[in-house]
Amino acid sequence: MDSPLIPEGVKRCSPKLFFLWTLPWLGLLAWGGISAFLCLYKGLNQTNMSNIFAFALWIVFDLAVIALGAGAFFTGFLTYIIGKGELKNIINAAVIIGFICYSGAVAMLGIDIGQPIRGWFIFWHANVHSMLVEVSFCITCYLMVLGIEFIPIILENRQLDKVPELHFFGHNLHEIMAVFAATGTFLSFFHQGSLGGMYGVMYARPFAARGGFYVWPWTFFLFILSAIAAGPCFTILCTKLAEKITRKKLVPDRAVQTLAKISAWLLASYMVLKIADTLGWLYGIVPKAGLQFMDFYREGPYGVWLVVAELLICGIVPAIILMIPKAREHGGWLITACLLTCTGIVLNRFVFIVVNLAIPVMPFDRFWSYLPTWQEWGIGMAVVGYGFLLFSLAYRYLPVFPMEKNLNPVSE
Amino acid sequence: MSIEITRRNFIQFLVGCVAGIHATPLPWKLTDDIAIWTQNWPWVPVPPVGEFTHVNSVCRLCPGGCGIKVRKVDERAVKIEGRTDYPLNPGGICPVGMGGLQLLYDETLRFPGPMKRVGPRGAGEFANISWEEALKLLNDRIARLRKEGRPQALAAVDGNPRRSTMSVMVERLLRAVGSRNYLNIPGAEDLSSMVGELMQGTEAPVAFDLENADYILSFGCGLLEGWGAPGRVLNAWGLWRSEPFKGKVRVVQIESRASNTASKADQWVPIKPGTETALALGLAHVIIKERLHDTRFVNDYAFGFNNWRSGYGKERMGFKEMVLKQYSPMRVAYVTGLNPDQIVSLAKEFARAKAPVAIFGKGKGNLSGSLYEAMAVHSLNALVGNINRPGGALVPEPLPLSSLPEVIPDDAARRGLEQGRLDQAGSWRYPFTRSLVNNLTEAILSASESPVDTLLIFSSNPAYTLPDGGAFRKALGKIPFLVSFSPFRDETALMCDLILPDHTYLEKMDDVAWPPGLQYPLYGVSRPVVDPLYNTKHAGDVIIHLAKGLGQAVGSAFPWKNYEEVLKARAKGLYEAGGGLTRFEEGQTPAWKMVNKASGSRPGYKSFDDMWKQIKGGGLWYKPSPAERNWEGLFKTPTGKFEFFSSRIELAFSRAAEKRPLQAVLKSMGVQQTGDEACMPHYEEPRLNVDRSAFPLQMVPYEMINLASDWIPNPPYLYKSLFDTQLLKDDSFAEINPKTAAKYGLKQGDLVMVKSPKGEVRVRLNLFEGAMPGMVYLPMGFGHTAYDEFLRGKGANPNDIVHGPKDPLSGYPIWWITPVKLVKV
Amino acid sequence: MEKPAYSSAPSSKNGFISSLINRILKYDKSSTFLPPFSLGGWIFFLAGLIPNLILGWLIFPMVLYSSQPQPMNFNHALHLNPDKVDGIEGDTETDKCLFCHEFREDGTFAGIPKLAKCTECHDDPDSPLGESAPEKAFLTNYVAEEKEVPWLCYSRQPDCVYFSHIAHVKMGEIQCRVCHGDHAKTEKLPVYKENRLTGYSIDIWGRNIAGYKRHTWDRMKMDDCAECHTKMGHEENNACFVCHK
Amino acid sequence: MEKEHGHGKHQYGMVIDLDKCTGCGTCMTACAAENNVSVRPDESDKQRSIAWMQLFKITNGKEFPHTEVSYFPRPCMHCNENGRGHHVSPCVSVCPPTATQLDLDTGIVSQIYTRCIGCRYCQAACPYKARYFNWWDGYFPKGKGLERYLSPEVSPRMRGVVEKCTFCHHRLMRAKTKAYAEGRREIEEGEYITACAEACPAQAITFGDLNNPKHKVSQLIKSPYAFRLLERLNTKPKVYYLSTKDWVRKMADNYLPGEFKPVTKIGG
């Protein structure tokens, strides 16, 4: 029934089945919709955020998806600027994932701020010293870029492609994609960085504060590095997931392996720097503030296990796995490693946001802990649902994986 | 020409639209305006601007009577501030006074006008009625009682301070009607005046020259919790901690819990609650033993210090012998839980200080205390001869207010007045007590039919504030007709049948006759800061109106047109006394300094009317007088001396013993000690007659300055200053020592039931090192069942489970040692 | 039309820039760029453009603002004309304004005078000082009733704004007209228009919908304050808290 | 110290004597009443309740009967630096839409509610928790009449913005206006003091210009017992505390074992 929309020469499940598949994601979206309405209509008292946890689940989600979405710009960068041809087969997927992550993040931010209608003040009355301004500018611009990068993929839909203007338009976009890839890379580097900077510049919070280079604290660079290390892993995970679900091979191994290899090295170097940074912090900033390492993990659920989990289990381990060719060529190990890496990044963002705020700075103050409300989960989950939905639609109606046809010849 | 619309055309049209609209101000201005809309949401109040003015008045939320300056915008009061031109509290006031506007403007706290009950008692369902109707209802009721020849069935419970004009008015009304059952809510002031009467011979509360003292020995007085006149005491505290006094003034707090006062004091002496008497006498023991006492005073100006011979030549025991015999540091240490050396050094420090003063009155002083304890403490002041000396305890001359003309009761009234008081105050059982609400409660509960037919309730919320395990609430249920004059929807008012709402203190004129404990006479007059917001009437005017309505006989007792005339009539005495001042300039010599040297300042008024105008304007009359006064002829006791051994008590005993055996007399007075000690301050362990194994712990209620625990509702602002270890959601906290908690396997934050023989309350636990092991400390001021969402259902009211015997001699309830147990929920 | 194969497009191998330049140089109508509008196209374009211009420039302002007349007219010119009205003293124009729009003792500005001010002259409701109908109405409706006139304020700033008249008028010696215009010379009070969305008087944004201002008093937005501060060399007064509360 | 507050013309600051502070909470009430701070039915939710001036309770942690309690009244510290030597408060440098600024002329950190977008970055950056977010609209229910005591000098906040202590800036404006009316350009010491300083019944709070050597505050901060909260973070607060008790001073900052130096010099 929707067959004319489906790309030529590929097989897709029946509309009925597809519809059933979308139901859970629509459900999540509905949940999110209700939550969003409540938060906008009644205010943020619907959440468990507080004056202590000024940033919470949503910001964790934001930073996480943005970091994971980094696959888009980085793959784009590798494809168009470095000219790694083989990645052409995965770039579309990367772009779509990126678009999903960023649009989701921006939507979430829109609800997270207390006065969404005044959101544009950030741009109009920008305070150039605020890392958040840098973030906002870059993310907004980059989202446009992603949009532009997404358009040609949409226009490649069988029906749309029939319209000459659209075809030509899309085709030309394709031609100059490199320009956007370059812009995207530039923007992304900055906002990934400034996202890290946001925490590094909390000079009055010894837990987050960092030294740095010029206006950029070390977290600035660490976040970039961690993002471009984890982004590809996430892209890999998504394609692998898609392959699992569709029971098809969609991306040639070469593309995947290239990504895996690159992120292996990035991850490794990230870990080195991250550990260096941690030590620098531990022997510089912490004692200067009259604190000791354990002061930060004395009470509450957020203990030392976080450090172990983030640095060792979700950092060093996957780095090693990915660096060993044998290991990363083995599907299971590859996925495990990618999973660990992504978890590590999410953990890292979580620590910088929630744990950072949970720890009191004034000696006589006390430790707080935080559990999100269903409204907060709702918004977060909505982004997941939206991601699945958009990706499924894209996969169904757009030539997301150029090689799919060749890898899975339809026998007639 | 015909154009067929292609897809392309449509796109072109859209481009046109987009280009067009963006070339107009619409999108841009709209974006701006919508943002501006969020900056001016219609539901966010915009306070109207206007002309700023100030109105000086006096705070009447507690007897302390601070000077307040209310900032107004046109007709609205927007802020209460302390007056810098008021001698009592130069600049500062307490948090409750600071939040006063919320009590004025919070509509759901208040009665909009006279009402009568329609729902069941306590449900708070009322119907508006006119003042005429309301007054007629009450009028008929009283008239009927008088016709039936039982005017004494009309009773009044009054929370106005003893010396205030309102209390005089209420008592007067009852007298004119023919009832002696006027009950004033007992507080530390009444105790203090009993001490004054028994030991110094003047029935006026003992005053303390705190500002000039250099050693303050406080027996559980919540100096920082609202004791005395809070504005004055907190100011004094500031003085003690700043030059030139810094480091030279020593404050010692005797209290079982690390309260603010205890913590901020220079020394905290934690003793078992209720053993203050023993400690005081223990200190006396040491002082006498070490010969540190003022021999001149005790020998020449005191009676009953040394042993003496009675008329029949019988050797009688004196204070000295009693103390030396029975209050050795060892024994006292055992009773109080201190160690002997502490007691010795404390006594020495006290006696050696230049101007030491020992003060009494538990907590804020809202609640009654123990008579023998107060006497014991005051005897320390006498021992060191620091009476009517700078920085000592003073024998105040009563405020020279002129007394109102004598009431001439008619026959109906006379018949009623012949009946005794229902609370037996002043009878042979309680010879020195003025009123005993707890006894009234008993009388009502024990009788098959309530002896009180109509109860008038003024400026008080006894159903909530009385430490009687909820007995008074039960008693109210038995009284046929209850009338409340409260402006607030308090617990008691909600049980009433008729509401005749008074103005709030910011809407009316009224007086503060001598704030408690102040060393110089001060008469403050509050005035309407704003016009009454609702259809309320000044209770004083209502009384006058009511009396006039009760016929010539009663009406003639109230010859005045309105309440102000009454105030003026009384104030006349101030003028006749002469020498008083009606102005206090900011930055002038503080009044407490003038007390040292007789002030040469002459009054700034010519005639009485001139003075009255000034008092109304400035709200103030005060008369700094020298503390230094000769002991000769100072004491108006039967012996003309300061009495360690109260001859009045002895007289009361013997009078009562004329009809019945002395043993029986003492027993029914609750005095365990027989013999001479009974006439002197002495320690008796109260008989709780409760199985202590069932109730192993003791519940001690405590007060906080930032939580109103008296009849005034707590201004919501103050909840900001409470910690979430004091109130969390709807649970208040009991403070217990971690050791006690461990003993019963309890943890921080646990929900527990505090069970006493009288009942139980639910609280959370706060483990506090400053709590004495074995004690359970419950804050007062929580657990309201009335008022609005700010106060209702928040925490527990310790009064509901208070259980204890009566204080010997005075008959007041003992509320500071309730046997309890903790049961985890 | 047959659709060109992607292969025809130079792949990014030999550099995207060059390929881009090629395309631009080799531009021709049949190329793959969007062809320009035909005449028909322009018509459709305008069909979209013009109604929107009308909507934005003409209809929008009418919808955005509500109009309310003042409770009664007040003739500033008349009151300030010494031949007609005496008693309004003051050497300078500012002083004359301040005669009614006065400063209070604490330095705050009273703004539109209260009835009490008016009745200093118009004291007797039965004996008007002039013949004008508004005055009679004023005397009967307000003076006699002792009711305040519910004037609508053209220059009321939002609640978040703190403006000290005394700082500007007394210390800064700025003429009233600089911000309020020549009210003194007007005989009729203009219609009061209020922004339905923001609740502001139209005079804050200015009567010109595009926000174009010819005189200093045409607009009273934050930027106008800042502009003047800067011009007068009082940059420091652009600190937020100087004008916000 | 002089260098400390070198910047700008005036540097308004506060000195709180903890030996005098009785923990009565009048400052909190006065502040709330002065600044139209919203009061909600449940103020026990300390994570969300608003108190520009906040009391913190501290104990010396000793066992009964050696326990001692003291209090830290904490207004906004109006920091002069962000901890990295930049002349800007930690919160100011992070605010995206420039809704909060460090006023050079007064040293007061301003907060403009109508500019704030409620991103709460400033809250995260402030180590003193001096900034409060409006999780709800102000609590002024219809028919309760509470809005009647609101002061027109401070504009009530809408939901979704951050607010904080302003050192009662409107009182500075009030004082200036008065001075202008009397033809003065400058104001005298004491003409401008905060509501909390004015209200404190024990006169524990002193307020004035730290740049003016004649003002009491600039003398008080010379005392060896003077200290600031979290001084080691170099945020250069303009709120000072006085306490002769070592354990109290030790509570004001984090110290590694043996780092804390009790005051040996007596006096001051």
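Into which domains is chain B divided? This is a predicted model, and in it chain B has domain 1 (7–39), domain 2 (55–109), domain 3 (190–398 + 634–661) and domain 4 (697–824). Notice that domain 3 is written as two stretches, 190–398 and 634–661.

Seven strands make up an open sheet with mixed pairing, in the order β5-β4-β19-β18-β17-β6-β7 (chain B). At the edges stand β5 (126–128) and β7 (182–184) of chain B, each with a single partner strand, so one side of each has no neighbour in the sheet. If you want a place to look, Val157(B) stands opposite Ile457(B) in β17(B). Across β6, β7 and β17 of chain B lies helix α6 (residues 165–177) of chain B, and this helix runs at about 170° to β6(B).

Now move along chain B to strand β27 (residues 751–756), where the side chains alternate. What does β27(B) form with β28(B)? The two strands form a hairpin, with two residues between them. Strand β28 of chain B covers residues 759–767, and its pairing with β27(B) is antiparallel over six bridges. Here Lys755(B) stands opposite Glu760(B) in β28(B). β27(B) also runs antiparallel to strand β30 (residues 818–824) of chain B, with four bridges joining them.

A compact globule with 412 residues would have a radius of gyration near 22 Å, and chain A, at 22 Å, agrees with that. Along the principal axes, the C-alpha atoms of chain A fill a box of roughly 75 × 50 × 35 Å. Of the 412 residues in this chain, 52% count as buried. How much of the contact in chain A joins residues at least 24 apart? Among contacts between residues at least 6 apart in sequence, the share is 79%.

Finally, turn to chain D, which touches both of the chains we have visited. Its contact with chain B takes 55 residues from chain D and 64 residues from chain B. On the chain D side, α1 (26–34), β2 (54–59), β3 (69–74) and α5 (195–199) each give two or more residues, and α1(D) has the largest share, with seven. By class, this side has 24 nonpolar, 16 polar and 15 charged residues.

The contact with chain A brings together 47 residues of chain D and 41 residues of chain A. Here the elements of chain D that give two or more residues are β2, α2 (90–94), α3 (121–125) and β6 (131–133). α3(D) gives the most, with four residues. The residues on this side of chain D divide into 28 nonpolar, 10 polar and nine charged. Strand β2 of chain D is listed for the side that touches chain B and also for the side that touches chain A.

How values were computed. Residues numbered from 1 in each chain as written. Chains lettered and ligands numbered in written order. Predicted model: local features only at pLDDT ≥ 70, side-chain atom pairs only at ≥ 80, totals over all residues. Contact = placed C-beta atoms within 7 Å. Nonpolar A, V, L, I, M, F, W, Y, C, P; charged D, E, K, R; others polar. Pairing = 2+ DSSP bridges. Axes fitted to C-alpha atoms, helices over the stretch in contact; angles between N-to-C directions. Domains from an automatic or database assignment. Rg over C-alpha atoms; globule rule 2.2 N^0.38 Å. Buried ≥ 20, exposed ≤ 12 C-beta atoms within 10 Å, placed from the backbone.
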